[in-house]
Structures are given as C-alpha cells and as structure tokens.
Amino acid sequence: MSVLTRFLGDISFAEEAVQEAFAIALAKWPDTGTPPSPVGWLIATARNKALDRLRKEASRSERHHAAQLLNDAERAEEHDVHDDHLRLIFTCCHPALAPDAQVALTLRLIGGLGTEEIAHAFLLQPTTLAQRLSRAKAKIRDANIPYRVPDAADLPARLGGVLAVVYLIFNEGYSTSSGDEVLRTELCDEAIRLGRLLAALMPQESEILGLLGLMLLTDARRGARVVRGDLVLLPEQDRTLWDECKLEEGRALMQICLARNRPGPYQLQAAINAVHSDAPSGARTDWRQILVLYNQLMAIAPSAVVALNRAVAVAEVHGVEHALQLVEAIELPKYHLYHAVRADLLRRIGRTADAATAYRLALDNCENKRERDFLRRQCQSLKSH
Amino acid sequence: MRQYLLTVCYPAGGSPPPADVLNNIRNDVMALQKEMQSAGVWLFSGGLQGAGSATVLRHKNGEIVLTDGPFIESKEQIGGITIVRAPDLDAALLWARKLSRATTTPIEVRPFMEQPS
C-alpha cells in the first residue's frame with residue numbers, strides 16, 4: 001500500500017490496485033507456490049494493474065505523468081518500503097483529519113482490517129464507516145495532505161497523534177462490552193501489532209516503547225478480567241491467569257526505557273502497570289512506588305483522570321480521608337469511574353448512604369453492561385453491612 | 001503548487017479589541033504579508049468591512065432581489081482573507097499558524113479547486 005501510494009499519489013487508486021494484486025495472489029499462490037519475493041511480486045503486479053487502468057481511463061497527459069511515476073516504482077527497494085510505511089502511518093493520522101477518521105483509516109490501510117470488521121468493532125453501520133473512510137480519503141486528496149514523514153521539528157507532536165490513535169484502538173478493544181468479544185480481542189491484537197511496527201520503524205522513540213509496554217502489560221491481564229461473565233477488578237484478579245509472556249515482553253521494554261531515562265506519559269503509565277504486575281498479590285502491591293510514578297505523571301501530563309487514579313494510590317499510602325479530599329476537588333461529573341472511586345472510598349470509611357448515592361451516580365453515567373452489573377453488585381454489597 | 005484560502009474568523013460574541021491592541025495586530029499582519037511576499041507565496045489579502053456592510057444578491061422568480069446583510073446569518077464573522085500558494089496542506093498550515101498568531105483569531109484553511117490547465 002505504502003509504496004504504491006507514494007508512486008501513484010492517490011490512496012484510493014493505490015488501494016484498488018493493491019486489492020487486485022492480493023486477489024490474484026490468493027487465487028494463484030496455493031497452486032503455483034509463493035514467489036521468492038512476495039512483496040516484490042505484489043508491488044510489480046499492483047503496478048501493472050494500475051498501468052492497465054490508466055491506459056483505459058486517463059487522459060493522455062495524465063497517462064504520461066503516471067507512467068513516469070510507475071516506471072520509478074520499478075526501482076522500489078526494501079528500505080523504501082520501511083520509509084513508506086512511516087509515511088502512510090503519519091498520513092493516516094494527520095491532525096487535519098477528524099480523530100474518528102484517523103482511527104478508521106489506520107485500521108483499514110495499515111491494519112488491513114475489512115470495513116465490515118471495523119464497523120462491527122466500533123458498533124457502526126458499515127455504510128457509515130464506508131462514508132467516513134471515503135470522506136477522509138477525499139480530504140487527503142482535495143486538501144493535498146502530503147505523503148511524508150514530518151520534519152524533526154514537528155515530529156514529537158505528530159508522533160503523539162499517531163500514538164493516541166493506536167492507544168484509542170487498544171482501549172476500544174480492551175473495554176468490556178456486550179459486543180463481539182472476539183472482535184474486541186482482535187482490536188487489542190491489532191493495536192499491539194501497530195505498536196510493534198512503530199517500534200521497529202522508529203526504535204529511538206522511547207514513547208513508542210512506552211505505549212507498547214503499556215498495552216502488553218495491560219493486555220496480559222485480559223484472561224483474569226472477566227470470570228463467568230463477571231468483571232473482576234485488578235486487586236481481586238487471579239494472577240495465575242495473567243499472560244506471563246506478555247508481562248515479560250512488557251517488563252523488558254520498561255528496562256530499555258529506564259536505561260534511556262527520557263520519561264514520557266506512556267512510559268510512566270507503563271511503569272505503573274509494571275509495578276502492579278510485579279506484585280504477587282493485590283495486598284502486596286507497592287503503592288508507594290505507584291504514587292511516586294503518578295506524581296511524575298501529574299508533573300508532565302496532568303489531567304483530571306490522572307489525578308483521580310493518583311488519588312486511588314494516595315488512599316493506600318496516606319489513608320482514605322486524604323484521598324477523599326483530593327477526589328472531591330476533581331470535576332468529572334460525567335465519568336462513571338469518578339463516582340465509582342468516590343463510592344468505594346466512602347464505603348471504606350463507613351459512609352454507607354453516601355456510598356450508595358455515589359454508586360447510583362456511577363450507574364447513571366455508565367453504558368457498559370458488564371460494568372453496570374459490577375457497580376450494581378458493589379451497591380448491593382453495601383446493604384449487607 | 002496549490003492555492004489555499006486562509007480566512008480570518010472572528011468568533012461569536014466578541015467585541016473588537018481596544019485601539020492599541022488593534023494597532024499591534026495590524027502591524028503584525030502587515031509584517032507577515034511582507035514575509036509571505038518575500039517567500040513568493042502571497043497572492044492576495046485584505047481585511048473585510050463588517051458584516052453590516054454586506055449585500056446579498058439572489059435570483060427569485062426571474063428577478064434579482066437584494067438583501068441587506070451577510071449570506072450566512074451567524075454571530076461568527078469573516079474578518080478578512082489571504083490567498084497563498086503552497087505545495088501541500090502542511091506548508092499552508094505553517095502560514096496559517098503565523099497568520100493566527102498575528103490576528104489572534106482562528107484561521108480556516110481551505111484549498112481552491114485545481115484550475116484545468
């Protein structure tokens with residue numbers, strides 16, 4: 001995709017040529033065997049398909065221009081593909097595109113997911129998603145969004161945008177829902193795959209390693225998160241159900257980041273998860289270390305949600321009263337977890353009636369079936385005290 | 001090379017800034033225009049008189065009808081336009097960023113359709 005886009009200068013045109021090439025490969029290769037350089041074969045075939053179409057459809061001047069570009073495509077080298085992947089990722093995640101569009105384009109063009117799959121995963125009508133994709137591609141073409149890796153000066157901000165898209169995809173997959181479980185897992189896997197791709201393409205960028213570590217360490221807990229249909233929170237999870245392979249990989253990435261000592265928000269969030277994953281049980285979690293990390297996170301990337309999560313750590317280190325004071329100062333009235341955290345703190349100091357009210361506020365703001373069941377159970381358990 | 005329209009957007013409900021601030025803005029905008037001209041990207045720019053000075057012309061039942069006021073009835077107003085030449089959106093956005101700092105307002109960046117040669 002990325003090589004063809006560079007030479008054809010049009011994502012839709014490139015997409016069609018690539019799809020035709022893939023279709024031929026799928027039909028032929030089972031019989032003839034995979035050619036020695038599958039990528040080279042695909043590029044050459046797609047190029048020829050594009051040339052065929054140009055001959056039929058384009059005006060003479062367009063044909064001349066495009067044929068020139070396609071001749072250049074003959075000389076595509078392996079290292080060009082690497083650069084082209086980066087170009088495509090940064091183009092899909094250009095800030096001039098709506099965030100929804102960035103996510104859809106990334107999954108479609110880099111993830112290679114089908115439109116049906118993507119629509120299903122995000123609970124959209126396939127036609128809605130198809131329109132979103134085609135509007136985004138039209139904007140890239142009409143506004144002439146350039147197909148290039150940003151300059152060094154712009155790179156940090158633009159990379160932040162790319163990482164935000166990948167993390168959004170991961171969170172979409174990780175959040176439990178009454179939707180298709182299998183597809184949600186696929187989204188997490190896809191986000192991790194994108195993280196690995198970015199890490200291979202830009203190994204010097206520590207925040208990429210941080211995000212990848214964060215996703216791996218979080219995903220490692222997936223098996224313990226839902227037991228017999230019920231949500232189980234981190235402190236109560238059966239840690240034997242955690243994926244040790246993913247934890248190892250996540251920890252190794254954190255070691256690299258630590259050695260580089262260029263901390264950033266994703267690295268810090270990953271480090272927090274690493275501390276959780278290192279604890280043999282919920283009760284033996286090193287909350288002091290977690291609080292230190294949250295203090296660092298608040299210093300470089302403060303937000304109400306980070307403050308809320310920090311308050312949870314404060315409760316363990318400095319006591320529930322102190323944490324409750326912090327929480328009351330945070331304004332997140334529409335965030336169900338805000339009310340859930342507050343409810344839990346109130347419960348722990350015996351303010352049962354206030355806790356029940358807070359759980360009801362949490363339920364008012366929560367649409368996820370599994371989480372609602374969990375909140376209801378928490379509320380019920382108040383009454384038995 | 002493409003052409004982009006940079007539109008100065010006056011947000012809704014704002015009153016014009018005091019005279020000395022306006023003066024600084026005017027100077028910054030003129031300085032930027034010179035910079036654009038030196039860089040060979042400037043095609044045209046101008047500040048617009050207020051929306052109250054606008055007239056809309058329409059065809060209705062075979063007649064021309066004039067209405068007082070701007071086309072789009074809204075509290076937001078267009079304050080002025082600049083047209084630049086740029087190879088791609090990123091280059092146009094760089095100029096828009098500078099214009100936004102000079103005018104202290106949002107700037108809309110919109111590509112012109114390509115002219116058939």
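I count a residue as buried if 20 or more other C-beta atoms lie within 10 Å of its own, with C-beta atoms placed from the backbone. The model is predicted.

**Entry: helix α14 of chain A**

I looked up α14(A), which covers residues 265–278. The helix has 14 residues. From first C-alpha to last it reaches 20 Å, close to the 20 Å expected at 1.5 Å a residue.

Next I checked burial. Of the 14 residues in α14(A), 11 are buried, so by the cut-off of 20 or more C-beta atoms the helix is mostly covered. I listed the buried ones: Tyr266(A), Gln267(A), Leu268(A), Gln269(A), Ala270(A), Ala271(A), Ile272(A), Asn273(A), Ala274(A), His276(A) and Ser277(A).

What covers these buried residues? I found that the cover includes four helices of chain A: α9 (155–174), α11 (206–219), α13 (244–260) and α15 (287–300).

**Entry: chain B**

I turned to chain B and found two helices and six strands. Read from the N terminus, the order is β-α-β-β-β-β-α-β. I took the box along the principal axes; the C-alpha atoms fill roughly 50 × 45 × 20 Å.

Chain B has 117 residues, and buried ones make up 15% of them. I then looked at contacts between residues at least 6 apart in sequence. In chain B, 75% of these join residues at least 24 apart.

**Entry: where A meets B**

How many residues of chain A are in contact with chain B? I found six, and they meet five residues of chain B. The chain A side has four nonpolar, one polar and one charged residues.

Conventions: Residues are numbered from 1 along each chain as its sequence is written. Chains are lettered from A and ligands numbered from 1 in the order in which they are written. This is a predicted model: local features need pLDDT of at least 70, side-chain atom pairs count only at pLDDT 80 or more; totals for chains, interfaces and linings use all residues. The expected span of a helix is 1.5 Å times one less than its number of residues. A residue is buried if 20 or more other C-beta atoms lie within 10 Å of its own, exposed if 12 or fewer, and partly exposed in between; C-beta atoms are placed from the backbone. Two residues are in contact if their C-beta atoms, placed from the backbone, lie within 7 Å. Ala, Val, Leu, Ile, Met, Phe, Trp, Tyr, Cys and Pro count as nonpolar, Asp, Glu, Lys and Arg as charged, and the others, Gly among them, as polar.
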